[in-house]
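User: Hi! Could you walk me through the charged pairs in this one? Here it is.
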Amino acid sequence: MENKTMPQKPWFYYYFVTLLIVLFFNAMFGPRILEKQVTEVGYNEFLERVEEGKVEQVAMDQTQILFTVKGDTKDIFKTGIWPDPSLGERLEKANVKFAAEIPKENTPLQNFIISWVLPILLFIGLGQLASRYMMKRMGGNAMTFGKANAKIYAEKETGKTFADVAGQDEAKEALLEIVDFLHNPTKYTEIGAMIPKGALLVGPPGTGKTLLARAVAGEAKVPFFSISGSEFVEMFVGMGAAKVRDLFKQANEKAPCIVFIDEIDTIGKKRDGAGMIGGNDEREQTLNQLLSEMDGFDGHKGVVILAATNRPESLDPALLRPGRFDRRIPVELPDLAGREAILKVHAKNIKVHTDVDFHAVARATSGASGAELANMVNEAALRAVRMGRKMANQSDFEESVEVVIAGYQRKNTILSPRDKEIVAYHEIGHALVAASQRDSAPVTKITIVPRTSGALGYMMQVEEEESFLMSKEQIENKIATLAGGRAAEEVIFGRITTGASNDIEQMTKLARSMVSRFGMSEEFGMVAMESINNKYLGGDATLACSEATAGKIDEAVMTLIRKAHERAKAILEDKKEKLHELSKYLIEKETITGEEFMEIMKNGKPKASAE
């Protein structure tokens with residue numbers, strides 16, 4: 001059965017109905033409220049009230065007497081004239097006031113103005129105030145709900161070029177063709193080639209997708225339209241589709257230009273019919289309009305659609321087909337060379353000492369995004385100011401890395417001697433197990449200074465060179481290193497604490513990945529038991545196996561962790577003397593470097609202490 005809906009009434013229909021209702025109630029009750037009530041009484045009753053002293057004020061003419069009663073400010077009483085020469089004396093004796101003139105009743109014109117004109121003017125005035133308020137809230141005319149309100153950036157406003165984008169050489173290379181087409185369209189049209197209508201920038205948050213889009217507009221020297229996907233979604237049905245139409249209309253008028261839609265997954269999700277009746281909800285209407293507009297505009301005009309998302313798996317297939325978003329450009333986390341280049345770009349904005357080794361800083365920031373690296377540079381500058389320096393040096397950058405990773409130092413948090421000792425043995429346990437295994441990253445720093453992230457201490461390892469693959473042995477060594485903290489507590493104190501909670505979480509995640517994703521289990525072999533969703537947003541794992549198999553996976557994970565824990569305990573039992581020596585030194589210093597750690601491991605005392 002076809003579902004028919006009533007057509008929407010225009011806004012002025014409701015405006016007119018409301019006005020009629022207000023005028024009706026005002027005509028019925030307004031005059032009664034505004035005018036005073038006049039009550040006619042007999043002349044004898046008037047005299048009685050005068051004698052009793054109840055009359056407050058009197059006004060008269062040739063035909064009538066009007067008077068008011070004390071304590072009654074609303075009503076007026078009226079009586080006729082009666083031949084009575086002693087009336088004046090009676091009124092004076094009763095201290096009655098004489099009014100200057102008789103109060104006049106409102107004329108029909110006055111009643112019309114009060115009952116009709118004034119309410120209409122009041123209604124219009126309130127409407128204007130409401131209209132202005134809505135205009136301020138919406139950033140434009142309150143009656144143009146369908147306007148896109150897209151931010152238009154000219155070249156001088158963006159001021160971004162590919163020189164401002166570092167660490168994304170592959171993405172820039174893929175976008176250079178679009179820039180060249182916008183510069184020299186005839187070179188492509190002569191041969192019959194068409195520039196891709198749309199390019200989808202895909203990657204984790206903070207990798208510079210928006211910056212890349214602005215750099216394309218800056219390089220091509222064309223207008224830049226920017227709007228977020230969430231701005232299309234309105235509470236009024238049909239407004240999102242109207243905004244899409246308006247955006248493309250503006251873009252065609254300004255062609256050639258760049259249209260950038262950030263977080264396009266907000267409106268571009270797969271249409272699964274889970275919305276309102278028939279799946280025809282506001283978001284789907286907006287998506288349908290976007291698909292229609294992308295099919296409708298002429299690619300030869302030079303309107304290029306760039307969009308960004310960190311959830312590409314949630315996008316509708318119709319949006320990704322050729323002819324709409326023809327290209328998918330990965331904007332991944334930067335590698336070692338990319339991180340170094342990003343640090344240098346952002347370091348241009350601050351004063352930096354000449355001895356700063358950006359390569360060493362980049363090595364310590366594996367997995368960091370461009371936004372995080374920019375934050376590290378800023379933190380380095382802030383620390384230099386706090387320390388009273390005019391330029392940021394190497395120590396500022398090293399501390400900024402730790403601030404972003406683990407938080408600020410909690411200088412007001414004072415650990416008890418017992419807790420301090422446990423934390424020291426825990427962290428040295430990690431470091432000793434790491435240093436006693438092959439294929440483990442070198443230890444660079446150990447500290448027991450609490451951080452705002454909640455960590456009471458940590459051990460930092462930095463790989464000597466960038467690596468994109470991990471062997472089974474490397475993962476097993478990493479699990480054993482994580483187990484070294486709990487193992488040290490058991491070896492030295494014979495009891496365990498809650499300090500290993502984060503270690504246990506990481507160990508379990510690594511061991512489960514070995515079994516269910518990496519095919520590193522002898523029992524299951526190369527069979528994928530789980531899939532990763534939203535890999536750019538943390539990666540939620542979903543098991544794809546039976547309950548019986550899931551139980552076996554849990555057993556295999558526990559076996560891996562148990563073996564790693566036993567190996568860590570065996571290493572620490574064998575190196576118990578070094579464990580005591582290093583822990584006492586760490587308690588004394590609170591923070592030691594990797595060089596000091598290795599010097600004690602080899603010679604018993606660091607060089608500085610020996611001297």
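User: Is glutamate 490 buried, partly exposed or exposed?
Analyst: Glutamate 490 counts as partly exposed, at 24% relative accessibility. Buried means under 20% relative accessible area and exposed over 50%, with partly exposed in between (1.4 Å probe, protein chains only). Bear in mind that this is a predicted model: local features need pLDDT of at least 70, side-chain atom pairs count only at pLDDT 80 or more, and totals for chains, interfaces and linings use all residues. Residues are numbered from 1 along each chain as its sequence is written, and side-chain values use heavy atoms, leaving out hydrogens and water.
User: Which residue does glutamate 490 form a salt bridge with?
Analyst: That would be lysine 569, with the closest N and O atoms 3.9 Å apart. A salt bridge here is a side-chain nitrogen of Lys or Arg within 4 Å of a carboxyl oxygen of Asp or Glu. Glutamate 490 lies in helix α17 (residues 472-493) and lysine 569 in helix α19 (residues 547-574), so the pair ties together parts that are 79 residues apart in sequence. Helices are DSSP runs of H or I, at least four residues, numbered from the N terminus.
User: Nice. How far apart are the closest N and O atoms of aspartate 396 and arginine 389?
Analyst: They are 2.3 Å apart, in a salt bridge. Aspartate 396 is buried at 0% relative accessibility, while arginine 389 is partly exposed at 28%.
User: How many salt bridges does the structure hold?
Analyst: It holds 15. Glu399, Glu402, Lys445 and Arg451 are linked in a network of them.

Conventions:
Helix = DSSP H or I, 4+ residues; strand = E, 2+ residues; numbered from the N terminus.
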